[in-house]
Amino acid sequence: MVGRQAIAVMLDPATWALLCSAALLAGWIDAVVGGGGLIQLPALLIGLPGAQPAQLLATNKLGSICGTSVSAVTYYRRIRPDLRTALPMAVAAYVGALAGAFVGLHIPKAAFNPIILVLLVAVGAYTLFKPSLGSVTALRHEGRRHTSYAVLVGLVIGSYDGALGPGTGSFFVFALVGWLGYAFLQASAKAKIANFATNLGALTVFVPQGQVIWTVGLVMGALNLVGGYLGARTAVKLGSGFVRVVFVLVVTAFIVKISGSLIGIWS
């Protein structure tokens with residue numbers, strides 16, 4: 001196994017440019033609707049061919065948490081999402097990510113691709129053919145039931161993020177829009193808080209194991225942070241309609257990528 005510091009030292013300027021550009025764009029996409037891992041993780045795979053899978057996942061989480069932290073704060077300051085829903089969901093997401101990270105060490109991740117593909121096709125089609133979905137907030141549940149469902153969303157998607165991860169932010173957004181009845185903008189604001197918690201939960205497992213490539217993760221984290229700030233401001237300015245369009249595009253990109261992997265077009 002190549003040492004973490006050796007990996008960072010061996011990187012050339014072109015590789016650094018690739019990783020930094022990917023981190024900036026991933027931060028923007030994550031802040032708007034989730035799914036930045038579609039860009040950031042493949043960039044790490046290309047840029048760090050000598051790294052182990054756990055190192056790539058851990059370094060990706062370090063970069064991502066920087067962006068989700070600033071976008072969560074930006075959303076909170078400008079949208080003021082209801083913390084009575086967001087915080088219990090985030091706590092559940094953290095616990096789920098902890099459990100998922102431990103479980104994910106023993107599960108062949110390739111087995112998840114067909115399941116993820118089916119989910120993404122269903123989510124994308126449902127969103128595309130219901131133009132009114134997420135245009136305004138119309139909560140489908142109230143009181144304790146609403147909070148309980150939000151906690152369930154956090155626990156399930158948090159576990160998925162800890163074990164695997166692709167599309168976590170998008171799944172959070174869709175669950176909040178499709179099941180709980182939030183508008184896309186409100187859903188994105190709450191999703192960022194929960195996604196920060198899932199990243200933190202995974203890092204709680206990965207950091208003590210020494211899996212993070214710190215130099216790469218911190219540099220990418222700085223760019224991811226800038227992208228997250230710009231993405232959150234863009235989403236707030238342009239509203240739920242814009243977020244919905246980006247959501248459909250990101251889900252479509254996931255479908256293309258995973259389909260290509262399954263049929264062998266790319267790895």
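Since the model is predicted, local features need pLDDT of at least 70 and side-chain atom pairs count only at pLDDT 80 or more, while totals for chains, interfaces and linings use all residues. Residues are numbered from 1 along each chain as its sequence is written, and side-chain values use heavy atoms, with hydrogens and water left out.

When I say helix, I mean a DSSP run of H or I with at least four residues, numbered from the N terminus; strands would be E runs of at least two. Axes are lines fitted to C-alpha atoms, for helices over the stretch in contact, and the angles run from 0 to 180 degrees between N-to-C directions.

So, packing. Let's start with α2, residues 13-32, and α3, residues 37-47: their axes come within 8 Å and cross at roughly 165 degrees. That makes the two roughly antiparallel, because the label applies to angles over 145, with under 35 being roughly parallel, 65 to 115 roughly perpendicular and the rest oblique. The α2 and α3 crossing is left-handed, meaning the near helix is turned anticlockwise from the far one by less than a right angle; clockwise would be right-handed.

Who touches whom there? On the α2 side you'll find Leu18, Ala22, Ala26 and Ile29, among others, and they meet α3 residues including Ile39, Ala43 and Leu44. Contact here means heavy atoms within 4.5 Å. By class, the α2 and α3 contact has 11 nonpolar, 4 polar and 1 charged. For the classes, Ala, Val, Leu, Ile, Met, Phe, Trp, Tyr, Cys and Pro are nonpolar, Asp, Glu, Lys and Arg are charged, and the others, Gly among them, are polar.

α2 also packs on α10, at an angle of about 35 degrees with the axes 3 Å apart. That crossing is right-handed, and its contact residues split into 22 nonpolar, 7 polar and no charged.

Next up, α4, residues 53-79, against α10, residues 214-263: the axes come within 7 Å and cross at roughly 25 degrees. These two are therefore roughly parallel to each other. α4 passes α10 in a right-handed crossing, and this contact has 14 nonpolar, 11 polar and 2 charged residues.

Staying in α4, have a look at Ser71. Is Ser71 buried or exposed? Buried, with a relative accessible area of 1%; the cut-offs are under 20% for buried and over 50% for exposed, partly exposed in between, using a 1.4 Å probe and protein chains only. Ignoring neighbours within four places in sequence, Ser71 is in contact with Ala31, Lys192, Gly228 and Ala232.

Arg80 has a positive phi of about 55 degrees although it is not a glycine, and its relative accessible area of 54% makes it exposed.

Over in α7, residues 143-163, there's His146, buried at 6% relative accessibility. Its side chain makes a polar contact of 3.1 Å with the side chain of Thr85. A polar contact is a pair of N or O atoms within 3.5 Å; within protein, one must be able to donate a hydrogen and the other to accept it, and residues adjacent in sequence count only if both atoms are side-chain atoms.

Last one: Pro208, in the loop between α9 and α10, is exposed at 67% relative accessibility.
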